[in-house]
Amino acid sequence: TLDDLDPDAITRAREGFTERYPRLADEIATWDDATFLAKARLTHQGQITRAAVILLGRRESAVLLSPHMAELTWKLVGEESAFQHFSPPFLVTATELVKRIRNVQIRFNPPNELIYREIEKYNESGLHEALYNCIAHQDYRKHSRIIVIEYVDRVEFISVGEFYELHADPGPR
């Protein structure tokens, strides 16, 4: 039921939906949660979907997906090591996981220039995009968590899902 969803995650989803459809902002503001979730296709015939639980569910609601696992894990590997698990709502906790990644400022001098530049080690929107792709394409039936491994020189995203294959010729129908 809607009681299995996190109110803060619903608010965040509503904000994102409004950003995506700004021409509907006034209308969206009048929708109750049930209407919003139906319009966002996170409910079907009044029942919450698995996607709703994964993206917006309270932490304790992950049991509704059982026996399928819905968990993100950040792991630091190298001279120092650490890890942290993240449960639904992934709409919120994915951002928390990305914040765990050490994204230090790097200074460098471009060739033939006197002034150094500072950039972040990783493009933050790229980190979010990679993690969102893992969440969207994970095959939750395979009982595996999404793992983000941070090494000194790179970040690795591991998901047991895969992208849909697109073929120019879908073959016989």
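A polar contact here is a pair of N or O atoms within 3.5 Å; within protein, one must be able to donate a hydrogen and the other to accept it, and residues adjacent in sequence count only if both atoms are side-chain atoms. I am working on a predicted model, where local features need pLDDT of at least 70, side-chain atom pairs count only at pLDDT 80 or more, and totals for chains, interfaces and linings use all residues. Residues are numbered from 1 along each chain as its sequence is written, and side-chain values use heavy atoms, leaving out hydrogens and water.

**Entry one: helix 1.** I looked at the start of helix 1 and found a side-chain oxygen of Asp6 within 2.8 Å of the backbone nitrogen of Asp8. Helices are DSSP runs of H or I, at least four residues, and strands are runs of E, at least two, numbered from the N terminus. Helix 1 takes in residues 7-20.

Next I checked burial (buried is under 20% relative accessible area, exposed over 50%, partly exposed in between, with a 1.4 Å probe and protein chains only). Ala9, Ile10, Ala13, Arg14 and Phe17 are the buried residues of helix 1. They sit on the same side of helix 1 because they cover an arc of only 140° around the axis, taken from the directions from the helix axis to the C-beta atoms. Asp8 and Glu19 are exposed on the face turned away from that buried side.

I then traced an open sheet of four strands, in the order 4-3-7-8 with mixed pairing; strands pair if DSSP finds at least two bridges between them. Its edge strands are strand 4 (82-86) and strand 8 (155-158). Strand 3 (residues 72-76) runs antiparallel to strand 4 over five bridges, and Leu72 has Phe86 as its bridge partner there.

Key: The expected span of a helix is 1.5 Å times one less than its number of residues.
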